[in-house]
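Hi there,

Here is the structure I promised to pass on. Please have a look at it first, and then read on for what I found in it.

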Amino acid sequence: KVHTSPKKPGEPILKCADEGFTVAGCMSSSRRLTLLRDDLSGQMPASLADAPTYRFVLNPNSTFDMVNARVQYLKDRGWLDDQSTQLTLKAYYLNYQIEVPRLQNVIIKFYFSRGGGVFS
């Protein structure tokens, strides 16, 4: 099923069919970095987490309506469910109101307990 924008019928709101629901994500031919070869994977640093990561990116150049449509897609598909243990939000913030503009990386992690608690 192709999910399209409610304001602009025909404009897709997803980069690929299962965006946010596959560990591989949306692979594209415009990728600048090459994928890691199997013979080199043993020489790389170990991964910090064994759990699969499902990525969903909100483009800062998207319109408000497009962002709303993409978030609604996540809600409709139950992106966060009873098996979810962590949600990590990452954003970049440009502070241009100081003498030397700075790009800040903001990371907020939410942890979900089996008892229904949400921690940060």
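**What the chain contains**

The protein chain has two helices and three strands; here helices (H or I, at least four residues) and strands (E, at least two) are DSSP runs, numbered from the N terminus. Starting at the N terminus, the order of elements is α-α-β-β-β. Please keep in mind that this is a predicted model, in which local features need pLDDT of at least 70 and side-chain atom pairs count only at pLDDT 80 or more, while totals for chains, interfaces and linings use all residues. Residues are numbered from 1 along each chain as its sequence is written, and side-chain values use heavy atoms, with hydrogens and water left out.

Of the 120 residues in the protein chain, 11% count as buried. Buried means under 20% relative accessible area, exposed means over 50%, and partly exposed is in between (1.4 Å probe, protein chains only). For contacts, the cut-off is heavy atoms within 4.5 Å. Among the contacts in the protein chain with a separation of 6 or more, 42% are between residues 24 or more positions apart.

Helix α2 covers residues 64–77. (The expected span is 1.5 Å times one less than the number of residues.)

Which residues of α2 are buried? They are Met66, Ala69, Arg70, Tyr73 and Leu74. These residues cover an arc of only 140° around the axis, which puts them on the same side of α2; the arc is that of the directions from the helix axis to the C-beta atoms. The face turned away from that buried side carries the exposed residues Phe64, Lys75 and Asp76. Just after α2, Gly78 takes a positive phi of about 70°.

The largest nonpolar core has seven residues: Ile13, Leu14, Phe56, Met66, Ala69, Tyr73 and Leu74. By a nonpolar core I mean a set of buried Ala, Val, Leu, Ile, Met, Phe, Trp, Tyr and Cys residues joined through side-chain atoms within 4.5 Å. Setting aside neighbours within four places in sequence, Leu74 is in contact with Phe21, Phe56 and Trp79.

The Arg70 side chain reaches the backbone oxygen of Val57 at 2.5 Å. That is a polar contact: a pair of N or O atoms within 3.5 Å, where within protein one must be able to donate a hydrogen and the other to accept it, and residues adjacent in sequence count only if both atoms are side-chain atoms. Not counting residues up to four places away in sequence, Arg70 touches Ile13, Leu14, Lys15, Glu19, Phe56, Val57 and Leu58.

Asp18, in the segment before α1 (38–41), is partly exposed, with a relative accessible area of 35%. With residues up to four places away in sequence left out, Asp18 touches Tyr73 and Arg77.

**From the loop into the sheet**

Ser84 sits in the loop between α2 and β1 and counts as buried at 19% relative accessibility. A polar atom of the Ser84 side chain lies 3.0 Å from the backbone nitrogen of Asp81. Beyond its neighbours within four places in sequence, Ser84 is in contact with Trp79 and Phe112.

The three strands form an open sheet in the order β1-β2-β3, with antiparallel pairing. β1 (86–95) and β3 (118–119) stand at the edges with a single partner strand each, so one side of each has no neighbour in the sheet. Two strands pair if DSSP finds at least two bridges between them. Ten bridges join β1 to β2, and a hairpin connects these strands through six residues. Leu87 stands opposite Phe110 in β2. β2 (residues 102–112) and β3 pair over two bridges, and Phe112 has Val118 in β3 as its bridge partner.

Tyr92 and Gln104 are twelve residues apart in sequence and 5.6 Å apart in space, C-alpha to C-alpha.

Best wishes
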